[in-house]
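Have the sequence and the 3D view ready.

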Amino acid sequence: MEMVRNITNETKTMIESELRKGTSNSRIANLLGVSYEQALEVVDAIKESIRPEIGDEIKFTFRKQEMVGIIRKLLTNSAVVEIYWDLSSGTMKDICEDKTIVNFKDIEEFVKVD
């Protein structure tokens, strides 16, 4: 936890940018020059403080099913997400519309979809 307290604003900004690009935790550890475990602590702390942006592609869980989509609108603590059905659980298609509300806390990771 000591490392988490010593994160500079520059490092925080860099990690946020890398997370938005979908960079892996091991790559972030390499960029920081720290162990994978230390990088996980830092990434987890920053993920909790990060506010997503319109256009971010995210992976999230809904009713224990993995889903992927793009943020179309931001609300106070959640976002309107357009679901990428070809990358999401097909079992949810009967329950969900093409857009759904996702709480920020339910965002598992930022991804880059080609």
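The protein has four helices and five strands. Here helices (H or I, at least four residues) and strands (E, at least two) are DSSP runs, numbered from the N terminus. The C-alpha trace spans about 45 × 25 × 25 Å along its principal axes.

A quick word on what you're looking at: this is a predicted model, where local features need pLDDT of at least 70 and side-chain atom pairs count only at pLDDT 80 or more, while totals for chains, interfaces and linings use all residues. Residues are numbered from 1 along each chain as its sequence is written, and side-chain values use heavy atoms, with hydrogens and water left out.

**How the helices pack**

Axes are lines fitted to C-alpha atoms, for helices over the stretch in contact, and angles run from 0 to 180 degrees between N-to-C directions.

| Helix pair | Angle | Axes |
|---|---|---|
| α2 and α3 | about 155° | 11 Å apart |
| α2 and α4 | about 80° | 10 Å apart |
| α3 and α4 | roughly 100° | within 9 Å |

Angles under 35 degrees count as roughly parallel, over 145 as roughly antiparallel, 65 to 115 as roughly perpendicular and the rest as oblique.

Start with α2 (residues 9-21) and α3 (residues 25-32), which pack at about 155°. α2 and α3 are therefore roughly antiparallel to each other. Which residues meet here? On the α2 side they are T11, M14, I15, E18 and L19, and on the α3 side I28, L31 and L32. Contact means heavy atoms within 4.5 Å. By class, this contact has six nonpolar, one polar and one charged residues. (Ala, Val, Leu, Ile, Met, Phe, Trp, Tyr, Cys and Pro count as nonpolar, Asp, Glu, Lys and Arg as charged, and the others, Gly among them, as polar.)

Now for α2 and α4, at about 80°. That angle makes α2 roughly perpendicular to α4. K12, I15, E16 and L19 of α2 touch V42, V43, I46, K47 and S49 of α4. This contact divides into five nonpolar, one polar and three charged residues.

Finally, α3 and α4 cross at roughly 100°, so they too are roughly perpendicular to each other. N25, S26, I28, A29 and L32 of α3 make the contact with Y36, A39, L40, V42 and V43 of α4. How many of these residues are charged?

**The largest pocket**

A pocket is an open set of points on a 1 Å grid over the protein atoms alone, where a 1.4 Å probe fits, with protein on both sides within 12 Å along at least five of seven lines; lining residues have an atom within 4 Å of a point. The largest one has a volume of about 240 Å³, volume being the space filled by probe spheres set on the points, which are joined across faces, edges and corners.

Its lining includes D44, K47, F104 and F110. β5 (107-111) and α4 (36-49) each supply at least two lining residues, and β5 gives the most, with four. By class, the lining has five nonpolar, no polar and six charged residues.
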